[in-house]
Amino acid sequence: MFFTKHRQLVRWIIIIASFGIISLILWNTYVFFQKFKEEERRKMEIWSLAQQEIRESIDLEENMSNLPIKILESNTTTPMIMVNDLDGSMNINNIDEEKGKDKKYLLNLIEQYKKENTPFEISYFNPKTQKTIKLGDLYYGNSPILRKLKYYPLALLLIILLFGAVVYFFYKSSKNATENKLWSGMAKETAHQIGTPLSSLIGWTEILKTENTNPEYIKEIEKDINRLQTITERFSKIGSLPTLEQLDIVEETKEAYSYLKSRSSKLINFSIDAPDTPIYVNLNRQLYGWSIENLVKNAIDAMKGKGNLRVQITPHQKHVDITVSDTGKGISKNEFKTIFEPGYTTKKRGWGLGLSLTKRIVEDFHDGKIKVQMSEIDVGTTMLISLKTV
């Protein structure tokens, strides 16, 4: 119960806690990296002191203990270059021997090592001459383990981003599935609710026929009853995969267009440009008619009941284009995709479902495409539907 009421608060707590954990892991990784780097520097310092002790033992002609040699041999990971101060020769350790023969390669490595770590100066005190003699400079780079550890935070961030993306898409798909179930349920319930008064209207129409009522009145009533039956079928098909059949898209477009034309403002100049020959497409009659009607209604609303409305059908080799053009208020370019999102509307009393349903009908059910082909503010809009022909 608490999670239901405070869902938004719980989400923010989880997000903040996740960022806190991530920051803590990254900080600990950074601290560990620095400590490991300091540890490697201490090892290199000991290594340079061992080098110094060996040199002092040679000059004093004393017996040398095995400890300095063991220290020199113990470092098998840290790459290093010892530059002799007297003749400029270079001694390498833990570096590929073949590459180590290339002096230019070694000089580049020295520059790289300078950026990674401060070099050591190796010198010793000669008791015979009472002078401090410089042997050379020791340049060393990061060990392979330290290099891998350096990129660990980036790898961790990448994993976290991928995990976040998976969670986001899972949440989004789950949300979409829930919304689809809701809309499907509402659509089926609407179809069920319309069915009862529709049956009654059909009965009353039959009674009116026996009462010598003007046949023209009955004809118009029957048209509206057929219209309600079509709407009922449309809503009942929203929640399930509709059946498609080969139909003439020219005839189906004209039928949907003509119904609205006869029931719209006389101040609108309706026109249709279509081929005389049929063009067959896999269609669901009720849902396709709904799409055309949604586009035409939106065009009428955009013109506020006055202007020019034109429907054009253009056949191509493998598809057919249907455009609905108006001379209304137009759409700004940054809204070309937004208008198809559920809930988006510019009307004070609109639900923002017309174009969203149209997009689903065209793209999900008919494997077609719908988009804003052209629009200019205060000039008009052209909507385009593309469907594959058979």
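Visitor: Which helix does F19 lie in, and is F19 buried or exposed?

Guide: This is a predicted model. F19 lies in helix 2. Exposed means over 50% relative accessible area. F19 has 57%, so F19 counts as exposed.

Visitor: How many aromatic pairs does a search of the whole structure find?

Guide: Pairing needs ring centres within 6.5 Å. Searching the whole structure on that basis gives four aromatic pairs.

Visitor: Why is the pair of F32 and F36 tilted?

Guide: The ring centres of F32 and F36 are 6.0 Å apart. Planes under 30 degrees apart count as stacked, and over 60 as edge-to-face. The planes of F32 and F36 are at 40°, so the pair is tilted.

Visitor: Where do F32 and F36 both lie?

Guide: F32 and F36 are four residues apart, about one turn of the helix. F32 is partly exposed at 45% relative accessible area. F36 is also partly exposed, at 26%. Both lie in helix 2, residues 7-60.

Visitor: Which ring does the charged end of R41 sit over, and which face does K359 lie over?

Guide: The charged end of R41 is 4.3 Å from the centre of its ring, that of F120. K359 is 5.3 Å from the ring centre of F340. The answers are F120 for R41 and F340 for K359.

Technical notes
Residues numbered from 1 in each chain as written. Predicted model: local features only at pLDDT ≥ 70, side-chain atom pairs only at ≥ 80, totals over all residues. Heavy atoms only, no water. Helix = DSSP H or I, 4+ residues; strand = E, 2+ residues; numbered from the N terminus. Buried < 20%, exposed > 50% of the residue type's maximum accessible area, 1.4 Å probe, protein only. Lys NZ or Arg CZ within 6 Å of the ring centre and 35° of its normal.
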